[in-house]
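This report goes through selected local features of one protein model. Please keep the sequence and the structure open while reading.

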Amino acid sequence: MPIHAELLRHATERPDKPAVVIDGNSLSYSELHSRAGAIYRFIQALPRSNGRPFDLPGVEKLVAVSLGNHIGFAEYFVAATALANACAVIDPMMPEARIERIVERLAPDMLVVDDAASPSAEIGRRLGIPVIVAGAEPFDLTAMGDDMPVDAEGIFLIGFTSGTTAEPKAYYRSREQWRRSLDRGRLVFELQDAPSTLCPGALAHGLALYALVEALDAGATFHSVGKWDAGAVAQILSSGIERLIAVPTHIAGIARAWAGAPMASLRDVLTAGAKLNLNEVESMRRLFPQARIREYYGASEIGFMTVSTLAGGATDFPIDRVGQAYPGVEISIRDPDENDVGADVPGTIFVKSDLIANGYLWGDDGRAFRVTPAGATVGDLGEIDENGMLRVIGRAGGMMISGGNNVYPAEVESALKTCPGVEDAVVFGLPDAYYGQRIVAVVSGEAMDAKMLAEHCAGRLARFKIPRQFHHIGAWPMTSSGKIARGQVEASVISGDGLVLRLSA
């Protein structure tokens, strides 16, 4: 990991300070460092796998971690990323067949799980991979020995991101990329005094994983929960947490679950994963009256692209923008021939940055992340104004064509989310004999009048962008990363399985 030197310093200077707290279980900086050291020595003694079908330059041992939000995640991740090893972080909530394909292709030297009877454990044993159960180690976690190597260059992380097929794409990152990002982030997000941080998302996903590493780098205490529970998270926040990092749907759940007084201790809220809307910002202002509300736009393969302050800062950004370029990042909007189109013209978002991932181990379909002389892109569409403020329109592959017109779901969703009584919205197209695609919207919240929703959209969108069909949902199905399971919502509308209610005009 790119922070081993910092971890050693924190363990030396503040050994008893809690480093990680999950569901009331705590690891101090001293415990984290010493236990990770014992795990590292065990990894080094393992025989190296001979079945790996790809080369990872400079990597001696590859450890796969399929732990979920387990208190042991931090110590195994620290150990598995010490020079010259790398860690592949696998979400245990993925379908079993998908986990099996990943583990088989990785052929790791060791697989770490939280339960000997879990699907991941059974897959590892079936494939002949050494399986270690966190909390039931066959070695002494308290054994003393030489320190882990401090930071150096090289690959340290393999992550997985959804692609255009059901098969996750495997990307890999180097220590120096994250080191640069962490150094800048400490200044951008003002982490010099190590604020206590809560991130309730899955550690197998980029938002929470980076939040953990960022907190440990700063010497802060990182808080999370083993399983998402809005009431439990709200209770932890109310105990004096200073910083919250979450996707908007998690924050909306916290707001619904909390009936107590506003949480005045919270000084910063940082969101990502979906664009905040005005209703969400106003809700956070009431719940966290002293907090600065910020959001960032980024991608697993590219890292931070923009950051904005929506409330409580020196600069309040327009609500429809995701901010200005992150330090060290250049953003341009380009046409299909990769010519720069300038300000206020839609096109594909390209980035030049030293935070970009090395590439893919597999899954590079050429339809999302790519690097060209113009920069790197994940295929998102947007436009940038003369002040350098970026508006994200949506992913090119998500465009609908209705009545011969191009419509981007994100634009329609943004309009709906400004409607009083709407908490969240999902928009998609369904086949239509006349329009080609019929624009369909599903909303949550108190708003249940289709006519009112359509009239609200009419004041903000061109006529052809207004949904022709509205549905209401009481509770969104969620992915393990805390995002709305959009495919499941669409399938429910098509099947009429009762998850959504059709709103009559």
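## Basis of the report

The model is predicted. Residue numbers count from 1 along each chain as its sequence is written.

## Packing of H1 against H2

Helix H1 spans residues 4-13. The axes of H1 and H2 come within 8 Å, and they cross at roughly 130°. Angles over 145 degrees would count as roughly antiparallel and those of 65 to 115 as roughly perpendicular; H1 and H2 are therefore oblique to each other. The crossing of H1 past H2 is left-handed.

On the H1 side, the contact is made by Leu7, Leu8, His10 and Ala11. Tyr29, Ser30, Leu32 and His33 make it on the H2 side. By class, the residues of this contact between H1 and H2 are five nonpolar and three polar, with no charged residue.

## Packing of H2 against H3

Helix H2 covers residues 29-45 and helix H3 covers residues 73-80. These two helices pack at an angle of about 50°, and their axes are 8 Å apart. That angle makes H2 oblique to H3. H2 passes H3 in a right-handed crossing.

H2 contributes Leu32, Arg35, Ala36, Ile39, Tyr40 and Ile43 to the contact. From H3 come Ala74, Glu75, Tyr76, Val78, Ala79 and Ala80. The residues of the contact of H2 with H3 comprise 10 nonpolar and two charged, with no polar residue. Leu32 of H2 takes part in the contact with H3 and also in the contact with H1.

## Backbone features in loops

Which two residues are joined by a cis peptide bond? They are Leu83 and Ala84, and omega is about 0°. Ala84 is placed in the loop between H3 and strand S4, the latter being residues 85-89.

Asp23 is not a glycine, yet its phi is positive, at about 50°. This residue sits in the loop that lies between strand S1 (18-22) and strand S2 (25-28). Glu190, also not a glycine, has a positive phi of about 55°. The loop that holds Glu190 lies between helix H6 (175-188) and strand S9 (197-198).

## Cavities

How many cavities of 30 Å³ or more does a search of the whole structure find? The search finds three. The largest cavity holds about 50 Å³ of space.

The lining of the largest cavity consists of Leu207, Tyr210, Ala211, Glu214, Ile245, Leu270, Tyr296 and Phe304. Helix H7, residues 206-218, supplies the largest share of this lining, with four residues. Seven of the residues lining the largest cavity are nonpolar, none is polar and one is charged. Glu214 is among the lining residues, and Glu belongs to the charged class.

## The second largest pocket

The volume of the second largest pocket is about 590 Å³. Its lining is made up of 28 residues. Of these, Met93, Gly226, Lys227, Trp228 and Ser480 lie nearest the centre of the pocket.

How do the lining residues of the second largest pocket divide by class? There are 12 nonpolar, 12 polar and four charged residues in that lining.

Note on methods: This is a predicted model: local features need pLDDT of at least 70, side-chain atom pairs count only at pLDDT 80 or more; totals for chains, interfaces and linings use all residues. Side-chain values use heavy atoms; hydrogens and water are left out. Axes are lines fitted to C-alpha atoms, for helices over the stretch in contact, and angles run from 0 to 180 degrees between N-to-C directions. Angles under 35 degrees count as roughly parallel, over 145 as roughly antiparallel, 65 to 115 as roughly perpendicular and the rest as oblique. A crossing is left-handed if the near helix is turned anticlockwise from the far one by less than a right angle, and right-handed if clockwise. Contact means heavy atoms within 4.5 Å. On a 1 Å grid over the protein atoms alone, a cavity is a set of points where a 1.4 Å probe fits but cannot get out, and a pocket is an open set with protein on both sides within 12 Å along at least five of seven lines; lining residues have an atom within 4 Å of a point. Grid points are joined across faces, edges and corners, and a volume is the space filled by probe spheres set on the points.
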